[in-house]
Amino acid sequence: LNNNTNMRVFCGLVDSVSTPASASDPLNAVNGIALWFDSAVSAVWKIKHNDGSGASVTAAIGGGVAASTATLYPVEIFYNNNTSKWRFVFNDIVTEVGTADIPAATQNLGFWTYIENTTGADRTMRVYYEEIYSDK
């Protein structure tokens, strides 16, 4: 990020190709799971997830990771069949998201990455690569 104020960042999996209905809750009534940052709410990265019904749930990343500028964060998001949970590895911190309010295993999910500017100032984000794979 070139700035960590007046912005939102979403990087994750969703079952929709439409523009988010609510910028402050892009997973409202949508199946998905993602890394999330909203500078108006918190100074740290979060995990946002939903099973497609109602508002999404926002969970803390273990230990908390501040959204720093000019910092590259390695991110892994995957479903762990052994625990039936989604696992995030973010900045070497492992966090699992439970079995409630998560996309069903039968959902077809695509990848979204976006940054939202909540003011008139320029905001940028570097994404070097995205790799999607399935073990089945």
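Reply: Let us begin with two rings, Phe 37 and Trp 45, which are both buried, where buried means under 20% relative accessible area, exposed over 50% and partly exposed in between, with a 1.4 Å probe and protein chains only. The model is a predicted one, in which local features need pLDDT of at least 70 and side-chain atom pairs count only at pLDDT 80 or more, while totals for chains, interfaces and linings use all residues. Residues are numbered from 1 along each chain as its sequence is written, and side-chain values use heavy atoms, with hydrogens and water left out.

Me: How is an aromatic pair described, and how many aromatic pairs does a search of the whole structure find?

Reply: In general, the distance of the centres and the angle of the planes describe a pair of aromatic rings. Rings of Phe, Tyr and Trp (its six-membered ring) pair if their centres lie within 6.5 Å; planes under 30 degrees apart count as stacked, over 60 as edge-to-face and the rest as tilted. The search of the whole structure gives nine such pairs. Phe 37 and Trp 45 make a tilted pair, with 5.4 Å from centre to centre and 45 degrees between the planes. A cluster linked by ring pairs contains Phe 10, Trp 36, Trp 112 and Tyr 114.

Me: What should I look for in a salt bridge, and which side chain meets Arg 8 in one?

Reply: The criterion is a side-chain nitrogen of Lys or Arg within 4 Å of a carboxyl oxygen of Asp or Glu. By this rule there are four salt bridges. Arg 8 meets Glu 116 in one of them, at 3.0 Å from N to O. Helices (H or I, at least four residues) and strands (E, at least two) are DSSP runs, numbered from the N terminus. This pair links distant parts of the chain, since Arg 8 lies in strand 1 (residues 7–14) and Glu 116 in strand 8 (residues 110–117), 108 residues apart. Both Arg 8 and Glu 116 are buried.

Me: Are the partners Arg 87 and Glu 96 buried or partly exposed?

Reply: Arg 87 and Glu 96 form a salt bridge whose closest N and O atoms are 2.8 Å apart. Arg 87 has a relative accessible area of 25% and is therefore partly exposed; Glu 96, at 28%, is partly exposed too. Elsewhere, salt bridges that share partners join Arg 8, Asp 38 and Glu 116 into one network.

Me: Where is His 49 placed, and why does it count as buried?

Reply: His 49 is in strand 3. It counts as buried because its relative accessible area is 5%. A polar atom of the His 49 side chain lies 2.7 Å from the backbone oxygen of Asp 101. Contact means heavy atoms within 4.5 Å. Leaving aside neighbours within four places in sequence, His 49 is in contact with residues including Leu 27, Gly 32, Val 97 and Ile 102.

Me: How is strand pairing read, and which strands pair with strand 1?

Reply: Two strands pair if DSSP finds at least two bridges between them. Strand 1 pairs in the antiparallel sense with strand 8 over eight bridges, and with strand 2, also antiparallel, over seven bridges. Val 14 illustrates both pairings: its bridge partner is Gly 110 in strand 8 and Gly 32 in strand 2. Strand 1 is mostly covered, with eight of its eight residues buried.

Terms used
A polar contact is a pair of N or O atoms within 3.5 Å; within protein, one must be able to donate a hydrogen and the other to accept it, and residues adjacent in sequence count only if both atoms are side-chain atoms.
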